[in-house]
Amino acid sequence: MCGRYAASRRPEDLAGIFEIEKWEPEETLEPDYNVAPTKEVYAVLDRPLKDADDPRPVRQLRTLKWGLVPSWSKTPEGGARMINARAETVHEKPSYRRAFASRRCILPADGYYEWVTGKQERDLEVEGKKKRPRKQPYFVTPADGSVFAMAGLYEFWRDRTLPDDHPRAWWVTCSVITTEAETSPLAVAPAEGPHALAEIHPRMPLMLTPDRWDAWLDPSRTDPEDLRELLAPPPPGLMRAYPVTTAVSNVRNNGPELLKELAAPEEGTLF
């Protein structure tokens, strides 16, 4: 899954990486080293500009709320639970299939956090025999330092309790697409700890390599079967993972120190 990530790149940097044509300075977000559900996040998308005569899609950097609210929802309350969409079923799930067909985006990140869950403790948790122990968070990021481009979806939701001209009449929300975690060796693995992403968690965000960006963002591509080909996992061996402070487990903590690599897992945590 993806329940927390880091995003510290500035809009001007993202504009160069993704060839952004349009972004609003007033929507600038501060670097966030502990992005959690319901927060405002950057999204790259191709869409015609509002009130423009030219109907062509324009590559934009937009600020969306993480936690997708389907257009048909009566209230936005379920958005916090819809932060992830599974690549295997995104084309058929009622909450995601319309967005998958025409409202796809890229959520740029430095990387994501995941907490180690061993198989034995997972089994005990399922059986209700053991309380969740203190776990070691890991930060997963491209080994070459490039942007972690997560495949995403976005959706519009109209708050009918507000007038049309109200600034919060429309919500624009998003979700991260996840896939099965890689079982192949990490490009750089910690000396003590997991050597594959699947040893950390069975799911991971679907990272799009640059050769897929244009096709993924193209709103003219609407055939689900054609789009599903873009959901293939990236080549193996691109990622590294390392242990970070358990302070990241508290969403109130934020700062570049959360990304500092630890020499070994913290005492009292598990692998």
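Predicted model: local features only at pLDDT ≥ 70, side-chain atom pairs only at ≥ 80, totals over all residues.
Glu24 has a relative accessible area of 27%, so it counts as partly exposed, where buried means under 20% relative accessible area, exposed over 50%, and partly exposed in between, with a 1.4 Å probe and protein chains only. Its partner is Lys22, since the side chains of Lys22 and Glu24 meet in a salt bridge at 3.3 Å, N to O, and Lys22, at 33% relative accessibility, is likewise classed as partly exposed. By salt bridge I mean a side-chain nitrogen of Lys or Arg within 4 Å of a carboxyl oxygen of Asp or Glu.

Residues are numbered from 1 along each chain as its sequence is written, and side-chain values use heavy atoms, with hydrogens and water left out.

Let me stay with the charged pairs for a moment. Side chains of opposite charge can pair when their charged atoms come close. Asp46 is buried at a relative accessible area of 13%, and Arg59 is buried at 8%. The two also belong to a network of salt bridges that links Asp46, Arg59 and Asp214.

A further pair is Arg221 with Asp226, whose closest N and O atoms are 2.9 Å apart. Here Arg221 counts as partly exposed at 24% relative accessibility, and Asp226 is partly exposed at 25%.

Now to the largest pocket, and which strands contribute to its lining? The strands β2 (22-23), β4 (40-47), β5 (58-66) and β11 (170-180) each supply at least two residues, and β5 gives the most, with 6 residues. The lining comprises 24 residues, of which Glu27, Arg62, Phe156, Trp170 and Val172 lie nearest the centre of the pocket. The method works on a 1 Å grid over the protein atoms alone: a cavity is a set of points where a 1.4 Å probe fits but cannot get out, a pocket is an open set with protein on both sides within 12 Å along at least five of seven lines, and lining residues have an atom within 4 Å of a point. The volume of the largest pocket is about 840 Å³, where grid points are joined across faces, edges and corners, and a volume is the space filled by probe spheres set on the points. By class, the lining has 11 nonpolar, 3 polar and 10 charged residues; Ala, Val, Leu, Ile, Met, Phe, Trp, Tyr, Cys and Pro count as nonpolar, Asp, Glu, Lys and Arg as charged, and the others, Gly among them, as polar.

Turning to the strands, there is an open sheet of 5 strands in the order β3-β1-β8-β9-β13, with antiparallel pairing, and two strands are said to pair if DSSP finds at least two bridges between them. The edge strands are β3 (32-35) and β13 (239-243), each of which pairs on one side only. The twist averages 25° from one strand to the next, with axes taken as lines fitted to C-alpha atoms, for helices over the stretch in contact, and angles running from 0 to 180 degrees between N-to-C directions.

Strand β8 (residues 111-115) is joined to β9 (residues 137-142) by 4 bridges, and the two run antiparallel; Glu114 stands opposite Tyr138 in β9, and the bridge partner of Tyr113 in β9 is Phe139. Another 5 bridges join β9 to β13, again antiparallel, with Tyr138 standing opposite Pro243 in β13.

I will finish with the backbone. Most residues other than glycine have a negative phi, and most peptide bonds are trans. Glu19, however, has a positive phi near 55°; Glu19 sits in the loop between α1 (11-18) and β2, and is exposed, with a relative accessible area of 60%. Thr38 also has a positive phi, near 80°, and lies in the loop between β3 and β4, where Thr38 counts as partly exposed at 41% relative accessibility.
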